[in-house]
Amino acid sequence: MSLKEFKVCKKCDFEWHVKDGSCCPICESSEESAVEKGGVFGTGKDADRWRDWFKLLGLVALVYIIFYTISGR
């Protein structure tokens, strides 16, 4: 086995064997999954729905804090 059988990605500096392919497996898989997956905080495909739930949660917390402060408990 020689060093010529390995490649290094210019983007992420990952090293892989030539038998695994000509493209970086890390960068290639992350680009495909980035489109399919999404985060909770406004980056997913259901971002509007999540944003509404967080607004509702914030509103309920605010009302609770105001009520707790006014009631003096």
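What percentage of the 73 residues of the chain count as buried? In this predicted model, the figure is 8%. The accessible surface of the chain comes to about 6800 Å², and 62% of that surface belongs to carbon and sulfur atoms.

The overall plan may be considered next. The chain contains two helices and two strands. Read from the N terminus, these elements follow the order β-β-α-α. The contacts of the chain may also be sorted by how far apart the partners lie in sequence. Among contacts with a separation of 6 or more, residues 24 or more positions apart account for 0%.

Strand β1 covers residues 6-8, and strand β2 covers residues 15-17. The loop between β1 and β2 holds D13. For comparison, most residues other than glycine have a negative phi. D13 counts as exposed because its relative accessibility is 62%, and the cut-off for exposed is over 50%.

Strand β2 includes H17. Is H17 buried or exposed? H17 counts as buried because its relative accessibility is 14%, and the cut-off for buried is under 20%. The side chain of H17 reaches the backbone nitrogen of K19 at 3.0 Å. If neighbours within four places in sequence are set aside, H17 is in contact with E5 and F6. Of these two partners, F6 belongs to strand β1, which spans residues 6-8.

Attention now turns to helix α2. This helix runs through residues 47-71 and has 25 residues. From its first C-alpha to its last, α2 reaches 36 Å, close to the 36 Å expected at 1.5 Å a residue. The residue that follows α2 is G72, whose phi is positive, near 75 degrees.

Which residues make the nonpolar surface patch of about 630 Å²? The patch is formed by W50, W53, F54, L56, L57 and V60. One of these residues, W50, has its place in helix α2. The spacing of such residues can be read against a general rule: an α-helix has 3.6 residues a turn, so residues three or four places apart point the same way. W50 counts as partly exposed because its relative accessibility is 35%, a category that lies between the cut-offs for buried and exposed.

Methods: Residues numbered from 1 in each chain as written. Predicted model: local features only at pLDDT ≥ 70, side-chain atom pairs only at ≥ 80, totals over all residues. Heavy atoms only, no water. Helix = DSSP H or I, 4+ residues; strand = E, 2+ residues; numbered from the N terminus. Expected span 1.5 Å × (residues − 1). Patch = residues over 30% accessible without salt bridge, like charges linked within 9 Å, V, L, I, M, F, W, Y side chains within 5 Å. Areas by Shrake-Rupley, 256 points an atom, 1.4 Å probe, with all protein chains shown as cover. Salt bridge = Lys/Arg side-chain N within 4 Å of Asp/Glu carboxyl O. Buried < 20%, exposed > 50% of the residue type's maximum accessible area, 1.4 Å probe, protein only. Polar contact = N/O pair within 3.5 Å; in protein donor to acceptor, adjacent residues only side chain to side chain. Contact = heavy atoms within 4.5 Å.
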